[in-house]
Every structure is written in C-alpha cells, then in structure tokens.
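Let's take a walk through this protein together, from its overall layout down to a few side chains. Have the sequence and the 3D view at hand as you read.

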Amino acid sequence: MNHREDTSEENPLEPGEVDARRLVSIDRIRSLINSSGNPQFLRQCQAFIEAIEPEDRLIEFCTSKESWRQCQGSYGYLVERQGSTVAKLITRFN
C-alpha cells in the first residue's frame, strides 16, 4: 500500500493521490466523543479507547481518492501495536 505519513493533526486528513496516515493523540478521539450524540458510535469510541495500551501508536488514516471513486473509501483511526492493527474505528466510508 502506498501512503504518506504526516504528524500534524490540525485538520482532518482528506483523500489524496495515495492513502494517508498520521500519528494522532487520544484527544482526537475524545473530541469525537464530545461532539457525537449517537449512542452506538459513543460505545464504539469507548471500546476503541479501551483497546489502547501505553506502547501503542494511534493513527488517523484516509484512503486515496481512487478508493473513494470506487465506493471503497474509508477514514478513521487505528491502534497499532508492534506493527499490527489491533483496533479500528471507522468514522467515514462509502
């Protein structure tokens, strides 16, 4: 998978020519919880947060423009542990 990696979390990632990923803080997920009134989504966010261990990396991701054109796009967050994804929170998809 081609991807670009960014460490700035000022604005949400947008679809680009390749898949994009960047490290984010837990505060990004907490802001989703504070801005949502959907009980099911809140439970998913809480389960995602509970999966995080101290050594984990929290990653925001967005698939490429091409994946969105093919109705296979997704945007969200991953918990990565020792190079493997152990939890995923999808916040947008088509």
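What share of the contacts in the protein with a separation of 6 or more comes from residues 24 or more positions apart? These residues account for 44% of such contacts. Please keep in mind that this is a predicted model.

**The overall layout**

The protein has three helices and five strands, and along the sequence they follow the pattern β-β-α-α-β-α-β-β. Of its 94 residues, 36% count as buried.

**How the strands pair**

Here are the strand pairs, with their bridges and sense.

| Strand pair | Bridges | Sense |
|---|---|---|
| E2 and E3 | four bridges | antiparallel |
| E3 and E4 | six bridges | antiparallel |
| E4 and E5 | eight bridges | antiparallel |

Five of its six residues are buried, so E3 is largely enclosed by the rest of the structure. Follow Cys62 in this strand: Cys62 is the bridge partner of Ala20, and in E4 the bridge partner of Cys62 is Tyr75.

Next come E4 and E5, which form a hairpin with two residues between them. In the turn, Gln82 has a positive phi of about 50 degrees. Elsewhere in this pairing, Ser74 stands opposite Phe93 in E5.

**The nonpolar core**

Which residues have the most contacts inside the largest nonpolar core? They are Ile29, Leu32, Phe48, Leu58, Tyr75, Tyr77 and Leu89, in a core of 17 residues. Helices H1 (26–35) and H2 (39–50) each give two or more residues to this core, as do strands E3 (57–62), E4 (74–81) and E5. The largest share, four residues, comes from H2.

Leu32 shows how such contacts reach along the chain. Leaving aside residues up to four places away in sequence, Leu32 touches Phe41, Cys45, Tyr77, Leu89 and Thr91.

Tyr75 and Tyr77 are both buried. The count of aromatic pairs comes to one. Their ring centres lie 6.0 Å apart with the planes at 75 degrees, and because an angle over 60 degrees counts as edge-to-face, the pair of Tyr75 and Tyr77 is classed that way.

**A closer look at Ile90**

Beyond residues up to four places away in sequence, Ile90 touches Phe41, Phe61, Ser74, Tyr75 and Gly76. The C-alpha atoms of Ile90 and Tyr77 are separated by 6.5 Å, although these residues are 13 apart along the chain.

**The cysteines**

If you are planning to look at the cysteines, how many disulfides does a search of the whole structure find? The search finds zero. Cys45 has 0% relative accessibility and therefore counts as buried. Cys62, at 2% relative accessibility, also counts as buried.

Methods
Residues are numbered from 1 along each chain as its sequence is written. This is a predicted model: local features need pLDDT of at least 70, side-chain atom pairs count only at pLDDT 80 or more; totals for chains, interfaces and linings use all residues. Side-chain values use heavy atoms; hydrogens and water are left out. Contact means heavy atoms within 4.5 Å. Rings of Phe, Tyr and Trp (its six-membered ring) pair if their centres lie within 6.5 Å; planes under 30 degrees apart count as stacked, over 60 as edge-to-face and the rest as tilted. Buried means under 20% relative accessible area, exposed over 50%, partly exposed in between (1.4 Å probe, protein chains only). A nonpolar core is a set of buried Ala, Val, Leu, Ile, Met, Phe, Trp, Tyr and Cys residues joined through side-chain atoms within 4.5 Å. Two strands pair if DSSP finds at least two bridges between them. A disulfide is a pair of cysteine sulfur atoms within 2.5 Å.
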